[in-house]
Amino acid sequence: MPFMIDDVFLLLAAVLLAGLLVYTVISGISIVQNTKSRKKLRQENADLLAENHELRTKLAQWEGQSKSTPMSPVFVKFGAMLIQADRISYIVSQSFDMPTGGDSRVKVIHYADTEKTDSVYETFDGMMSQLPDYFMLVNKNQLVNLHEISKVDGCTLYLRKVRMPFTISDSKLSDFLSRFH
């Protein structure tokens, strides 16, 4: 009987050893099959480099378009002056700026980045035809740059760096609200 137990253990050890050998061989084959050759890795690297170059080219084109299209300054010509539209904060009739002696046909241009103003003999319709769509006549005497608005309170709007409020006329209110939102 003691020999029989030894034989069983030997048989069991042989089966386990054979199983371990089969497992090792199968694992080795699996690793070899999943391993890529140098040639295949070089080809994948070349493909990725080509794709990277293509993506960089597209990105550069898109960046170039975004810089040239929206960032290009828009200039408007009023009389003999050529003015960058982005710099204009608002435009009012001279009679509004100087109620005791102004001429309603003269328009005073106020800039966003300076206290300096310019005056020009022009109609609001003539000015609006040249200005970008982010300018709006909010009443018969005031034309504002919508990008300069810092606050709206009912029919009153406030521009950055400008103390006086602007009144939106009833006839312009619905158009203003649709454009401002």
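Two strands count as paired if DSSP finds at least two bridges between them. By that rule β8 and β9 (residues 156–159) are paired, antiparallel, over four bridges. The coordinates you are looking at are a predicted model.

**Whole chain.** Start with everything selected. The protein has five helices and 10 strands. Its radius of gyration is 39 Å, well over the 16 Å that the globule rule gives for 181 residues, so the protein is more spread out than a compact globule. The C-alpha trace spans about 130 × 40 × 30 Å along its principal axes. Of the 181 residues, 25% count as buried. Among contacts with a separation of 6 or more, 41% are accounted for by residues 24 or more positions apart.

**The three-stranded sheet.** Select β8, β9 and β10. They form an open sheet in the order β8-β9-β10, with antiparallel pairing. The edge strands are β8 (149–153) and β10 (166–167), each of which pairs on one side only. Strands of a sheet pair through backbone hydrogen bonds, and the backbone is the part to display here.

**The hairpin.** Zoom in on the turn from β8 to β9. These two strands form a hairpin with two residues between them. Which residue of β9 is the bridge partner of D153? It is T156. V152 has L157 of β9 as its bridge partner. In the turn, G154 has a positive phi of about 65°.

**K161.** Move on to the loop between β9 and β10, where K161 is placed. Its phi is near 60°, a positive value in a residue other than glycine. Most residues other than glycine have a negative phi. Is K161 buried or exposed? At 77% relative accessibility K161 counts as exposed, because the cut-off for that class is over 50%.

**N139.** Now select N139 in strand β6 (residues 135–139). Its relative accessible area is 12%, so N139 is buried, the limit being under 20%. Show its side chain and two polar contacts can be drawn. A polar atom of that side chain lies 2.8 Å from the backbone nitrogen of N141. The side chain of N139 also reaches the backbone oxygen of T167 at 2.7 Å. T167 belongs to the edge strand β10 (166–167). Leaving aside neighbours within four places in sequence, N139 is in contact with T167, S169 and K172.

**The largest nonpolar core.** Select F78, I88, I91, I109, M127 and L131 and show their side chains. This core has 16 residues, and those six touch the most other members. The elements that give two or more residues to it are β1 (75–78), β3 (88–93), β4 (106–111), α4 (124–130) and β6. In soluble globular proteins, nonpolar side chains tend to be buried together.

Finish with Y90, M136, L146 and V162. They are included in a second, separate core of 15 residues.

Note on methods:
Residues numbered from 1 in each chain as written. Predicted model: local features only at pLDDT ≥ 70, side-chain atom pairs only at ≥ 80, totals over all residues. Heavy atoms only, no water. Buried < 20%, exposed > 50% of the residue type's maximum accessible area, 1.4 Å probe, protein only. Polar contact = N/O pair within 3.5 Å; in protein donor to acceptor, adjacent residues only side chain to side chain. Contact = heavy atoms within 4.5 Å. Core = buried A, V, L, I, M, F, W, Y, C linked by side-chain atoms within 4.5 Å. Rg over C-alpha atoms; globule rule 2.2 N^0.38 Å.
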